[in-house]
Amino acid sequence: MTYTNSSLVNHKRLSPNHSGLRNHVIDTITIHCVVGQCSVEALGSLFADPDRGASSNYGVGYDGRIGLYVEEKNRSWCSSSSSNDNRAVTIEVASDMTEPLAVTDAAYKSLIKLVADICKRNGIKKLVWSTNRNERMNHLNGCNMTVHRDYANKSCPGTWLYDRHGQIAAEVNKLLGAADQKQNSGNAAKVQQGGKVPDVYYQVHTAGGKWLPNVKNVDDFAGLENKPIDCIKANLSTGHIRYRVHIIGGKWLPWVTDREDYAGLYGQQIDCVQMELSGLSGYDVEYRVSTAKSAAYLPWVRGWNSTNDEGYAGIYGVAFDKLQIRIVKK
Ligand SMILES: [Zn+2]
């Protein structure tokens, strides 16, 4: 996928303090507090200094203006964690210098818009916060908001912003149109078990290769780095999944249900896939692929007849090497 930057940016001053291209798709948001009611220009000056060795992807000034310092495609130096900064878009927000390190109304409003914009462009359908540190750090139960204090002996993002993370998620999700705005808590695992979301099992065949092992949900991905895929098989723990694939330079092959067959033709690389559920109300299938040319995934696609995602995962004419499928509540 191609990374983009927010069009909401008012001030751009790219910092030399970053690690180059990120090694993980963007799936997390990390909000920080500056500890100072500064402007986006002042923050840009700080990050322009190589000796500071610090940066963030974006900053929000006290007046609500937005700065871009490290392009989204690159890994910023912000959260004292390489793995976090590789997958997160980091945002510094101007704040008071004393606890609770509050931010202005203007900055807060801009932050909500910026986060929603980042989620939309990167295929994050819903923001999930957890007050449980373990859930945050291990991205459990869908948690995709992390905080600096988990990785370093710091109070960042400060009491004011930390206490509002659930509210931030709810406000962003409203802009994203995410159906369920309930925030996660420490017992979210129980809720999920009670919901009994069906499991999906799937495997792929690499062109000129063999069938790879089954993958359950998003425990892993199906595929091998840089090995184009030619066939797919999938089934659910309950209910049915239908899917079909498109051959590069060819056409859509017939729909296949569960493992009655496989979708694809041996030796013919595929570029796009469509999926839908049947016999299962209240759930949807989401799937995404990563093209063989890039480590990053294209956005998640839900179902196959949705209008917003063009209804298929993939890019016509471009082989993909990784597939992920998950079942979600409607
Ligand atoms: Zn921080």
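The legends below describe close-up views of a predicted model.

**View 1. The two domains of the predicted model.**
The protein divides into domain 1 (11-189) and domain 2 (196-329). Their centres, taken over C-alpha atoms, are separated by 32 Å. Five residues from domain 1 and six residues from domain 2 make the contact. On the side of domain 1 that touches domain 2, the residues divide into one nonpolar, two polar and two charged.

**View 2. The largest nonpolar core.**
This core has 79 residues, and V60, V93, V115, L127, I232, V273 and L323 touch the most other members. Helix α3 gives the most to the core, with seven residues. Because domain 1 (11-189) and domain 2 (196-329) both give residues to the core, it lies between them. In soluble globular proteins, nonpolar side chains tend to be buried together.

**View 3. Surroundings of L127.**
L127 is among the core residues that touch the most other members. Not counting residues up to four places away in sequence, L127 touches I29, C119, N144, M145, A169, V172 and N173.

Six of the six residues of β7 (residues 88-93) are buried, so the strand is largely enclosed by the rest of the structure. In a regular strand the side chains alternate between the two faces of the sheet. In β7, A88, T90 and E92 point one way, while V89, I91 and V93 point the other way, and all are buried. Strand β3 (residues 28-33) pairs with β7 in the parallel sense over six bridges, and T28 stands opposite A88. Strand β4 (residues 58-60) also runs parallel to β7, joined to it by three bridges. Here V60 stands opposite V93; both residues are listed among the core members that touch the most others.

The twelve residues of α6 (residues 165-176) should span 16 Å at 1.5 Å a residue, and the end C-alpha atoms are 16 Å apart, which agrees. An α-helix has 3.6 residues a turn, so residues three or four places apart point the same way. Just after the helix, G177 takes a positive phi of about 75°.

**View 4. I168 within helix α6.**
I168 is found in α6. This residue is buried because 21 other C-beta atoms lie within 10 Å, where the cut-off for a buried residue is 20 or more. Leaving aside neighbours within four places in sequence, I168 is in contact with I112 and V115. V115 is also among the core residues that touch the most other members. I168 and S19 are 149 residues apart in sequence, and their C-alpha atoms are 28 Å apart in space.

**View 5. The four-stranded antiparallel sheet.**
Four strands form an open sheet in the order β14-β13-β16-β19, and the pairing is antiparallel. The edge strands, each pairing on one side only, are β14 (256-257) and β19 (313-314). Strand β16 (residues 270-278) pairs with β19 over two bridges in the antiparallel sense. C272 stands opposite G314 in β19.

How values were computed:
Residues are numbered from 1 along each chain as its sequence is written. This is a predicted model: local features need pLDDT of at least 70, side-chain atom pairs count only at pLDDT 80 or more; totals for chains, interfaces and linings use all residues. The expected span of a helix is 1.5 Å times one less than its number of residues. A nonpolar core is a set of buried Ala, Val, Leu, Ile, Met, Phe, Trp, Tyr and Cys residues joined through C-beta atoms within 7 Å. A residue is buried if 20 or more other C-beta atoms lie within 10 Å of its own, exposed if 12 or fewer, and partly exposed in between; C-beta atoms are placed from the backbone. Domain bounds come from an automatic or database domain assignment. Two residues are in contact if their C-beta atoms, placed from the backbone, lie within 7 Å. Two strands pair if DSSP finds at least two bridges between them. Ala, Val, Leu, Ile, Met, Phe, Trp, Tyr, Cys and Pro count as nonpolar, Asp, Glu, Lys and Arg as charged, and the others, Gly among them, as polar.
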